Amino acid sequence: MIPGGGQPNMQQLLQQAQKMQQDLAAAQEELARTPVEGTAGGGLVKATVTGAGELQGLVIDPKAVDPEDTETLADLVVAAVRDANAAAQQIQQQKLGPLTAGLGGGLPGLPF
């Protein structure tokens, strides 16, 4: 390093990059374990996804089941999954956003 603040120390930059990579991996692992719920129809349909957006569960209240109207039930399922995924994206922003801010605001291919 040049006295007075010239070029950055490459070893230090490498260590910082490795730490950032470890922090990002840890946050992604935490997201994969974090359940997030979404609902539709006033709670008649509940979808559970991980913080990473993987569908884990679906609960349908029997009141939502009408054999004559399966289209509404399908719409409620889609809405609940979308609601859960929107909540998962918010958690991703909270957990990963600060870690990726130093990389120019985001990583290519990731939704934040």
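Lys19 and Asp23 form a salt bridge, with their closest N and O atoms 2.9 Å apart; the term requires a side-chain nitrogen of Lys or Arg within 4 Å of a carboxyl oxygen of Asp or Glu. Both residues lie in helix H1 (residues 10–33), four residues apart, which is about one turn of the helix. Asp23 counts as partly exposed because its relative accessibility is 29%; buried means under 20% relative accessible area, exposed over 50%, and partly exposed in between, with a 1.4 Å probe and protein chains only.

## Basis of the values

This is a predicted model, in which local features need pLDDT of at least 70 and side-chain atom pairs count only at pLDDT 80 or more, while totals for chains, interfaces and linings use all residues. Residues are numbered from 1 along each chain as its sequence is written, and side-chain values use heavy atoms, with hydrogens and water left out.

The structure holds two salt bridges.

Side chains of opposite charge can pair when their charged atoms come close.

## Overall fold

The protein has two helices and three strands, and along the sequence they follow the pattern α-β-β-β-α. Helices (H or I, at least four residues) and strands (E, at least two) are DSSP runs, numbered from the N terminus.

Of the 112 residues in the protein, 23% are buried. The accessible surface comes to about 7600 Å², and carbon and sulfur atoms account for 53% of this; accessible areas come from the Shrake-Rupley method with a 1.4 Å probe, and for residues only the protein chains shown count as cover. Among contacts (heavy atoms within 4.5 Å) between residues at least 6 apart in sequence, 45% join residues at least 24 apart.

## The sheet

The three strands form an open sheet in the order S1-S2-S3, with antiparallel pairing; two strands pair if DSSP finds at least two bridges between them. Strand S1 (35–40) and strand S3 (55–60) are at the edges and have a single partner strand each, so one side of each lacks a neighbour in the sheet. From one strand to the next, the twist averages 20°; axes are lines fitted to C-alpha atoms, for helices over the stretch in contact, and angles run from 0 to 180 degrees between N-to-C directions.

Strand S2 (residues 45–50) runs antiparallel to S3, and five bridges join the two. Across this pairing, Ala47 stands opposite Leu58 in S3.

## Two strand residues

Thr50 lies in strand S2 and is buried because its relative accessible area is 6%. Leaving aside neighbours within four places in sequence, Thr50 is in contact with Leu31, Ala32, Thr34, Val36, Gln56 and Ala88.

Leu58 lies in strand S3 and, at 40% relative accessibility, counts as partly exposed. Together with Ile60 and Val65, Leu58 forms a nonpolar patch on the surface, with about 230 Å² of accessible area in total. Patches are made of residues with over 30% relative accessible area and no salt bridge, joining like charges within 9 Å and nonpolar side chains (Val, Leu, Ile, Met, Phe, Trp, Tyr) within 5 Å.
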